[in-house]
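This report is meant to be read with the sequence and the structure side by side. Please keep both in view while going through the sections below.

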Amino acid sequence: MKRTINKAAVLGSGIMGSRIACHLANVGVQVLLLDIVPGELNDQEQAKGLTREDPRVRNRIVTESFNTAVRSKPAPLYHQDNADLVTLGNFDDDMKRVADCDWIIEVVVENLEIKQKVFDQVEEYRKAGTLITSNTSGIPIHLMLEGRSDDFQQHFCGTHFFNPPRYLKLLEIIPTEKTKPEVVDFFMDYGEKYLGKTTVLCKDTPAFIANRVGIYGIMKVIKTMEELDLTIDEVDKLTGPVIGRPKSATFRTSDVVGLDTMIKVSNNLHKSLEHDESREVFKLPELVQKLEEKNWLGDKTRQGFYKKTKDENGKTIILTLDPGSMEYKPRAKARFKTLEGTKNIENVKDRFRVLLAGEDKAGAFYRHSFFGLFQYVSHRIPEIADELYRIDDAICAGFGWEVGAFETWDQVGIKSVLPEMEEMGYKPSQWVYDMLDAGHESFYQVTNGQVKYYDLASKSHVAKPGTDDLIVLDYMRAGSVVWGNKESSIFDLGDGVLNVEFHSKMNTMGAGVVEGINQAISLAEKEFRGLVIGNQGANFSAGANLGLLFMYAIEQEYEEIDLMIRQFQNTVARARFSNIPVVVAPHGLTLGGGCELTMHADVVQAAAETYIGLVEVGAGVIPGGGGTKELTMRVSDRMQSGDVEYNALQNTFMNIATAKVATSAEEAMDMEILRPQDLISINKDRQLADAKRTVIALAEAGYTKPTPRSDIKVQGRGGMALFLAGINGMKMGGYISDHDAKIASKLAYIMCGGDLSYPTEVSEQYLLDLEREAFLSLMGEKKTLERIQSILTTGKPLRN
């Protein structure tokens, strides 16, 4: 049976329900969001003379919950207009409308009796064959089948989203013995292709996979901290980006999620896991018990492991809990010799051996936490998953780890750490020894660009399912790189398509990246059908190499700066005017020069989660790599004449002048950074494969390179006068500094075409020359250098 999800019903509008509804709306699904009818009128309703029969009263809970979600940060919607796809209602009046839905997902409170009552109502109206799932995180899926019809049972499973659903990639699929295989297959495919998720098939075991392993990891970290007498600040330093984990590390993450959630899951696991060899790890540590007693549960109670407060000057500061005294103290910088040894190791995977070999407290901490993790996941096969990659996929997608547990073990050498693991009491499961005895010394292998995992059933390495149609550059590095330098590599993706990847620090646009782009275009024009410009780092590009620009400016090497700008302008222009189709694939942070390169693609294949914008004003300059020109041209193409044209130009001017960054690819469409012909990949894992297909489609359609434009309408002095009046008013009102006003004036000068007497049509090169002149003049300003220095030293622009 071919299935499509056009309409979905989300039952329960709490934090998870409302945000799941938002994410379904993000991908174009019409959503019916329902919740209970309030038991009584509130004070405001009584004052208005409303009754319980009024729809405003009956839908109060769902309306307030959804509105709270829409206003929340980070935004659950790609675009505010997506909220229009969500219809609100209540269980009593609107449950009958689930008959029109293709998928019904229950997201009510974690109480089996309440869930059963909701399912009783659903059974009254649900059409046979309609998919029905639960988002439960802790109730066994099979217990929900009691009293349900055969058709309900056959089309029922768990679909466990992680919060926030838009941003965390994991979607656990938990079938029962009654679930039809085709239902499982559908959700595994739909979640991955249409919702952008990493779908992981789980067994119906306590906490499924990610929370089972993740909560173990958190509890093990806390117990190890207590044993080694480490501080909270020290542990968060040890368990953050240095090992490929989120910046929030262990304790900040716990505060954000809520200690009550962690406590509930841990208590349930300790109670239910009678045969788990590490069961005692889930017993709440004394520190966590004290926090529970004091109701210090994290952000929701304004204090947990950390506490936000204000100093005597009213400035917000963050204090850290001292577990000994249970008092909050100023945060202390953590320093370890072991960490010093990893400072020059860029690749996270290459750090693990150094960290485990440390001779200080940090080394001891890593040995206990990693060895305990290795032991734990080995014993979970086949209890919670038959295939080891599912555990790695779940923990990475659910908790934001860059490297999974088995993959980490591979990196440090399975066999080499076994003696020390045994000595410290972390003996793994017997199947690991059997695997090694059979001559298999790693959990994963990469062969001809394909990843394989060790399969316990066949006792051999087999291809990881679902990866055949993906492009993973790391797996292709051994045999597909046709050219490279320190900052970029060119890959042959097959089928006549090249890909140029950046791997400079933060993927900044330095000389090596510019050389790589030009080399890739040259190679493609000679022997290939087209080019993808994309990488699989955390972010596409943070923009220009500010450190190099700063050095040249300090030494007053303005000719070098001029050469840099010309080379970059020529490079992005070459991407547009080459003989082959060029598709740029931005994702994550795509700032400054990264945004400018993106705007010069024939087609952009953007990840849905692309945060893109021209942010150069924050560094005291204007976009000088074609960004100002490009947006001016796009406004010119869209508008006709008169006041509307000035308004459109002003909106674009403000986006640049305020360094506005789109918070999604959809929002970038509104800002005209992306165009109607540009494409969006919901799942970032598929982005490069999507981009390759786009290149092939352009080539097969008979690609013809465009010609440089000379018909860009600019407003001249009339437009400048309006802009300068606004800029002066902002300065006089104290809203912007003198330097801000100078930058804004130069930006307006470019966008209006310079010193022209009346509206005129100009060329792309004319505007590029104005850009370059403005950029150079601003690089000679002391205030600009102060801003760049602030960014380089603190990561934040100085407001001067």
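This is a predicted model: local features need pLDDT of at least 70, side-chain atom pairs count only at pLDDT 80 or more; totals for chains, interfaces and linings use all residues.

The residues of α9 that make the contact are A210, N211, V213, G214 and I218, and they meet I391, A394, I395 and F399 of α17. Sorted by class, this contact has seven nonpolar and two polar residues, with no charged residues.

Helix α9 covers residues 210-228 and helix α17 covers residues 388-399, and their axes come within 9 Å and cross at roughly 70°. Angles of 65 to 115 degrees count as roughly perpendicular, and α9 and α17 are therefore roughly perpendicular to each other.

## A second pair of helices

Helix α18 (residues 405-412) packs with helix α19 (residues 414-423) at an angle of about 95°, and the two axes are 6 Å apart. This pair, α18 and α19, is therefore also described as roughly perpendicular.

On the side of α18 the contact is made by W409, D410 and V412, while α19 contributes I414, S416, V417, L418 and M421. By class, the contact of α18 with α19 has six nonpolar residues, one polar residue and one charged residue.

## The eight-stranded sheet

Eight strands form an open sheet with mixed pairing, in the order β3-β2-β1-β4-β5-β6-β7-β8. Its edge strands are β3 (86-90) and β8 (198-201), each of which pairs on one side only. From one strand to the next, the twist of this sheet averages 25°.

Within the sheet, strand β1 (residues 7-11) and strand β2 (residues 30-35) run parallel and are joined by five bridges; K7, for instance, has Q30 in β2 as its bridge partner. Helix α1 (residues 15-26) packs on this sheet, where it touches β1, β2, β3, β4 (103-106) and β6 (156-161), and the direction of α1 makes about 170° with that of β2.

Another open sheet is formed by three strands in the order β12-β13-β14, and here the pairing is antiparallel. The edge strands are β12 (444-447) and β14 (460-463), each pairing on one side only, and the twist averages 35° from one strand to the next. Strand β12 pairs with strand β13 (residues 450-455) in the antiparallel sense over four bridges, and Q445 stands opposite K452 in β13.

The loop between β12 and β13 holds N448, which has a positive phi of about 50° although it is not a glycine. Most residues other than glycine have a negative phi, and most peptide bonds are trans. With a relative accessible area of 81%, N448 is exposed, because a value over 50% counts as exposed.

Is N507 buried or exposed? At 7% relative accessibility, N507 counts as buried, because the cut-off for a buried residue is under 20%.

## The surroundings of L319

L319 is placed in strand β10, which covers residues 316-322. This residue is buried, with a relative accessible area of 16%. Which residues are in contact with L319, leaving aside its neighbours within four places in sequence? They are F305, Y306, K307, T309, Y328, K329, P330 and R331.

Technical notes:
Residues are numbered from 1 along each chain as its sequence is written. Side-chain values use heavy atoms; hydrogens and water are left out. Two strands pair if DSSP finds at least two bridges between them. Helices (H or I, at least four residues) and strands (E, at least two) are DSSP runs, numbered from the N terminus. Axes are lines fitted to C-alpha atoms, for helices over the stretch in contact, and angles run from 0 to 180 degrees between N-to-C directions. Angles under 35 degrees count as roughly parallel, over 145 as roughly antiparallel, 65 to 115 as roughly perpendicular and the rest as oblique. Contact means heavy atoms within 4.5 Å. Ala, Val, Leu, Ile, Met, Phe, Trp, Tyr, Cys and Pro count as nonpolar, Asp, Glu, Lys and Arg as charged, and the others, Gly among them, as polar. Buried means under 20% relative accessible area, exposed over 50%, partly exposed in between (1.4 Å probe, protein chains only).
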